[in-house]
Amino acid sequence: MNKREDPFEKMEIGIDFEYPPKMPMPEDLARHREDFLKMRDENDTVKQVYAVAGLALYNAQCFEVGVQLAILTTKRARRHVVNLGEYNALEDELTVKTLGVLLREVRKVVEVNDRADSMLNLALEKRNSLVHGFFEVHSMDMITAKGKLRMLDDLLERVRLFRM
């Protein structure tokens, strides 16, 4: 009997472009900036910054779940998890791990090229700084229109990164 090659034996995350990409901001994200620039009421600009911060947090969580799913799918495909009970136990185990731990785990089961590795590290750093101190670092920016625009641009760039 011939041993068939396992298509999941060598899985990799490869990125063939540099970050940030030399393409314009995606249309849906650019619209947030355009809307902000049209706003004349300061309360509306503050709300827009908070709304985009929520969008950034949401996309950071989606990124994190994507990493969890990459681990689950790879382990299932390689038959490291053979039944539903083991799958559910692994899923429960992964949901309590930090993103840094998840990224170390995904690198054990999937090959990651240098560009992808750099982006994963950047995403981790941007996620952590978003969750742990973004508004503290930008506290003085909230008092001026230019400062809020700087915050908005920073947040939109994070959303783009988390979506990559």
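Visitor: Which residues is Asp154 in contact with, leaving aside its neighbours within four places in sequence?

Guide: Asp154 is in contact with Phe134 and His138. This is a predicted model, and Asp154 sits in helix 7.

Visitor: What joins the side chains of Asp154 and His138?

Guide: A polar contact of 3.3 Å.

Visitor: And Phe134, buried or exposed?

Guide: Phe134 is buried, because its relative accessible area is 2% and the cut-off for buried is under 20%.

Visitor: What are the rings of Phe134 and Phe135 doing?

Guide: Their centres are 5.3 Å apart and the planes stand at 90 degrees, so the pair is edge-to-face. Phe135 is partly exposed, with a relative accessible area of 33%.

Visitor: Which residues form the aromatic cluster?

Guide: Tyr50, Phe134 and Phe135 form one cluster. The structure holds 3 aromatic pairs.

Visitor: How accessible are Asp141 and Arg150?

Guide: Asp141 has 14% relative accessibility, so it counts as buried. Arg150 is partly exposed, at 48%.

Visitor: How far apart are Arg150 and Val49?

Guide: They are 101 residues apart in sequence, and 9.8 Å apart in space from C-alpha to C-alpha.

Visitor: How many salt bridges turn up in the whole structure?

Guide: A search finds 11. One of them joins Lys75 and Glu105, whose closest N and O atoms are 2.9 Å apart.

Visitor: Lys75 and Glu105: buried or exposed?

Guide: Lys75 is buried, with a relative accessible area of 17%. Glu105 is buried too, at 13%.

Visitor: Which residue forms a salt bridge with Glu157?

Guide: Arg160, the closest N and O atoms being 3.1 Å apart. Glu157 and Arg160 both lie in helix 7 and are 3 residues apart, about one turn of the helix.

Visitor: New topic. How many residues are in the largest nonpolar core?

Guide: That core has 35 residues, and those with the most contacts inside it are Phe63, Val67, Leu103 and Leu155. Helix 1 (27-38), helix 2 (42-77), helix 3 (84-95), helix 4 (99-109), helix 5 (114-131) and helix 7 (145-163) each give two or more residues to the core.

Visitor: Which helix gives the largest share?

Guide: Helix 2, with 10 residues.

Visitor: What is Phe63 in contact with, leaving aside its neighbours within four places?

Guide: Phe63 is in contact with Leu99, Leu103, Leu120, Ala123 and Phe162.

Visitor: Which residues of helix 4 are buried?

Guide: Leu99, Gly100, Leu102, Leu103, Glu105, Val106 and Val109. These buried residues pack against helix 2, helix 3, strand 2 (111-112) and helix 5.

Visitor: What about Arg79, where is its place?

Guide: In the loop between helix 2 and helix 3. Arg79 is exposed, with a relative accessible area of 61%.

Visitor: What is the phi of Arg79?

Guide: Near 65 degrees, a positive value in a residue other than glycine. Most residues other than glycine have a negative phi.

Visitor: Zooming out, what does the secondary structure come to?

Guide: The protein chain has 7 helices and 2 strands. Along the sequence the pattern is β-α-α-α-α-β-α-α-α.

Visitor: How many residues does the chain have, and what percentage count as buried?

Guide: There are 164 residues, of which 37% count as buried. The accessible surface comes to about 10,600 Å², with 54% belonging to carbon and sulfur atoms.

Visitor: What share of the contacts with a separation of 6 or more comes from residues 24 or more positions apart?

Guide: In the protein chain, such residues account for 77% of those contacts.

How values were computed:
Residues are numbered from 1 along each chain as its sequence is written. This is a predicted model: local features need pLDDT of at least 70, side-chain atom pairs count only at pLDDT 80 or more; totals for chains, interfaces and linings use all residues. Side-chain values use heavy atoms; hydrogens and water are left out. A nonpolar core is a set of buried Ala, Val, Leu, Ile, Met, Phe, Trp, Tyr and Cys residues joined through side-chain atoms within 4.5 Å. Buried means under 20% relative accessible area, exposed over 50%, partly exposed in between (1.4 Å probe, protein chains only). Helices (H or I, at least four residues) and strands (E, at least two) are DSSP runs, numbered from the N terminus. Contact means heavy atoms within 4.5 Å. A polar contact is a pair of N or O atoms within 3.5 Å; within protein, one must be able to donate a hydrogen and the other to accept it, and residues adjacent in sequence count only if both atoms are side-chain atoms. Rings of Phe, Tyr and Trp (its six-membered ring) pair if their centres lie within 6.5 Å; planes under 30 degrees apart count as stacked, over 60 as edge-to-face and the rest as tilted. Accessible areas come from the Shrake-Rupley method with a 1.4 Å probe; for residues, only the protein chains shown count as cover. A salt bridge is a side-chain nitrogen of Lys or Arg within 4 Å of a carboxyl oxygen of Asp or Glu.
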